Amino acid sequence: MRTAMGSISSKALMFAVFCFMQATVLRSGYIISVTRQDSWAMAATGFLFTIPIVAIYAALLREFPGKNLIEIDDMVFGPIVGKVVSALYLFFFLSLAALNVRDLGGFVVQYLMPETPIAAVILLSLLGCVYAIRQGMENLMHLSTFLGIIAVGAVVIHSILVLKDIQPGFLKPFFQLELMKYVQGTVSVSALPMGEILAFTMITPMLEKPKKTAKPLLLGLLLSAISMAFAMVRDTVTLGPLVFIVTLPSFESLRYVSLGDTLTRMESIYAVVLVLLFLFKICILLYAFVLGLTHMLGRKNRERPLSQKSYPPLTLLSAALVFFYSLIVFESIMENRDWGATTAPFFSLTFELLLPAVSLLVAFLSKIGKVQEVKA
């Protein structure tokens with residue numbers, strides 16, 4: 001099954017990466033718990049660490065133009081080993097989708113609708129994502145520009161509203177932690193929010209210029225890094241020592257803003273924006289899993305785009321897998337946070353860095369071998 005070629009611009013991909021990354025603002029607590037008041041710098045070092053990872057993705061996509069990650073696996077490793085590697089990637093996409101929809105469900109239940117069962121929130125969210133995918137991934141990607149503008153507006157308004165409560169002294173002392181804390185923070189930022197753009201390698205064949213993926217991916221990450229650093233500085237100078245304790249610093253910093261009798265709970269509006277960003281990210285991850293699963297199962301009519309209503313049972317089946325996985329993945333928010341600060345970076349880098357690097361190396365060696373055979 002192929003996506004519609006040439007239907008997405010580089011600009012749309014850049015904004016899609018930005019929106020994808022903005023959803024992780026809710027999960028900044030695990031980074032702040034490690035590097036504390038210096039967490040804003042981790043956005044910069046994490047971005048620098050991610051540049052070589054993006055270069056690997058771009059090199060693979062340039063070597064195999066018009067192919068997604070799963071198709072590249074078959075071409076590099078062959079039909080058997082390629083399927084094994086692809087299965088690992090699918091497990092990663094499935095895990096990311098389950099983790100993110102669980103985060104979304106926990107956020108809604110904790111802050112917006114406390115009496116609602118988390119399973120109901122997750123189910124409705126996934127049904128919305130299934131509907132969005134069936135309406136066309138191209139449409140969702142084009143919508144990212146509008147959604148990105150809304151996200152920037154929300155960040156700006158949020159920052160203006162908390163301006164009266166900031167205390168710059170909370171940023172001190174600068175860089176007094178041990179070196180390994182900063183290494184851990186850098187790797188965490190690179191692996192968890194930024195490296196997750198691996199999912200976009202399933203979408204890049206839809207680009208108008210599929211060989212030129214590095215620039216929009218890096219620009220999207222750069223904008224996200226700037227936004228992340230700004231948000232961490234804002235939350236630190238607003239909440240002070242509380243920022244190290246609360247689970248969702250960016251949301252907590254806005255909870256007590258009052259604008260008079262007309263609008264006393266500004267966080268409700270900000271929460272809607274965060275929910276939309278989360279749904280966008282889950283759509284990307286779910287699409288990556290569905291497309292990869294469809295390719296591995298060898299469905300017929302591969303030339304038809306997944307955005308059409310060609311295979312709704314497979315999309316619904318994938319959503320069902322994500323639903324049940326999300327219910328058992330973590331028992332509490334604190335368990336999720338501890339995993340994100342310790343184990344998650346190593347788990348994610350296995351799929352985001354190690355496997356793509358091995359794929360590129362094998363492809364490079366195979367190319368050299370073919371050249372030498374021709375010369376012989």
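## A buried tyrosine

Y111 has a relative accessibility of 13% and therefore counts as buried, a term that denotes under 20% relative accessible area, against over 50% for exposed and partly exposed in between (1.4 Å probe, protein chains only). This is a predicted model, in which local features need pLDDT of at least 70, side-chain atom pairs count only at pLDDT 80 or more, and totals for chains, interfaces and linings use all residues. Residues are numbered from 1 along each chain as its sequence is written, and side-chain values use heavy atoms, with hydrogens and water left out.

## Aromatic pairs

The structure holds 13 aromatic pairs. Rings of Phe, Tyr and Trp (its six-membered ring) pair if their centres lie within 6.5 Å; planes under 30 degrees apart count as stacked, over 60 as edge-to-face and the rest as tilted. The ring centres of F107 and Y111 are 5.6 Å apart and their planes stand at 40°, so this pair is tilted.

Y111 also forms an edge-to-face pair with F251, at 4.9 Å centre to centre and 70° between the planes. F251 is buried, with a relative accessible area of 1%. Elsewhere, ring pairs join F91, F92, F93, F347 and F351 into a cluster.

## Contact between two helices

Helices are DSSP runs (H or I, at least four residues), numbered from the N terminus. Helix α3 (residues 39–63) packs against helix α8 (residues 179–194) at an angle of about 60°, with their axes 8 Å apart. Axes are lines fitted to C-alpha atoms, for helices over the stretch in contact, and angles run from 0 to 180 degrees between N-to-C directions.
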